[in-house]
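Please examine the sequence and the model below before reading the report.

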Amino acid sequence: MKALALFLLVFVSVSIASAQPVVVIVRHAEKAANGGSDPDLSSAGRARADELARILKDSGITAIFTSEFKRTQETAAPTATSIGVTATVIPAKDTAALVAKLHQLNGNALVVGHGDTIPNIIKALGIDSPINIPDEDYSEFLIVTVGDKPHLFRLHYPS
C-alpha cells in the first residue's frame, strides 16, 4: 500500500510540475447485497473508500465528480471530507458533460464511476487502450494525464 501511495505522490508531483492536470478514476467501492438498484456500500466498500481517502490525501485533488448513485457518492465522501472538497454530481450516462468539466479544470480531479461508464470516460479523455472492468472487480485505479497527449496509468488497489 505504501508503494502505491508513494507512486501516486511522485506521479502527481511530476504532473503538477508539468502543469498537466491528473484525473484519478476509480470504480465505486463494493456495494451491499441488498438495497435494490441504488445500494449503499458494504463494510468492505466503506473500508476501500477510507483507503482511497488515505491514498489521495496529498494528491492535490481540487475537484471530485460522482454519479447520482449512492455507491459513488459514498466512495468519494471520505476523500471529499479529508481534503475539504464538495463532490459534484453528474449523471452516470452524461460522459460528455463530465469530460467537458474535466477539461476546464486547473487542478487534479477524482472521478468515481461505474464499471460500465469508466471505459467511455477513458476513451473520451483521448485514451485508445480498451478498458474492461469485470463486475466483481473493485480494484481498478486509473490515472489519466489530461492534455495534448493524454497518458493512462493503470494501477490496482492492493488486496
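## Basis of the report

The structure described here is a predicted model.

## The sheet

Six strands form an open sheet, in the order S3-S2-S4-S1-S5-S6 and with mixed pairing. Strands S3 (88-89) and S6 (151-156) stand at the edges; each has a single partner strand, so one side of each is left without a neighbour in the sheet.

Strands of a sheet pair through backbone hydrogen bonds, in either the parallel or the antiparallel sense. Both senses can be followed from S1, as the next section sets out.

## Strand S1 and its partners

Strand S1 comprises residues 22-27 and pairs with S4, residues 108-113, in the parallel sense over five bridges. Within this pairing, Val26 has Val112 of S4 as its bridge partner, and Val24 stands opposite Leu110 of S4. Strand S5, residues 140-145, runs antiparallel to S1 and is joined to S1 by five bridges. Here the bridge partner of Val22 is Thr145 of S5.

## Helix H3 and Thr66

Helix H3, residues 70-83, lies across S1, S2 (61-66), S3 and S4. The helix runs at about 165° to S2.

Thr66 has its place in strand S2. With a relative accessibility of 3%, against a cut-off of under 20%, Thr66 counts as buried. Leaving aside residues up to four places away in sequence, Thr66 touches Thr72, Gln73, Ala76, Ala87, Thr88, Val89, Ile90 and Val112. One of these contacts, Val112, is also the bridge partner of Val26.

## The largest pocket

The largest pocket holds about 180 Å³ of space. Its lining consists of 13 residues, and those nearest the centre of the pocket are His28, Arg71, His114, Gly115 and Asp116.

Which classes of residue make up this lining? By class, the lining contains seven charged, four polar and two nonpolar residues.

How values were computed
Residues numbered from 1 in each chain as written. Predicted model: local features only at pLDDT ≥ 70, side-chain atom pairs only at ≥ 80, totals over all residues. Heavy atoms only, no water. 1 Å grid on protein atoms, 1.4 Å probe; cavity = no way out; pocket = protein on both sides within 12 Å on 5 of 7 lines; lining within 4 Å. Points joined across faces, edges and corners; volume = space filled by probe spheres on them. Nonpolar A, V, L, I, M, F, W, Y, C, P; charged D, E, K, R; others polar. Pairing = 2+ DSSP bridges. Helix = DSSP H or I, 4+ residues; strand = E, 2+ residues; numbered from the N terminus. Contact = heavy atoms within 4.5 Å. Axes fitted to C-alpha atoms, helices over the stretch in contact; angles between N-to-C directions. Buried < 20%, exposed > 50% of the residue type's maximum accessible area, 1.4 Å probe, protein only.
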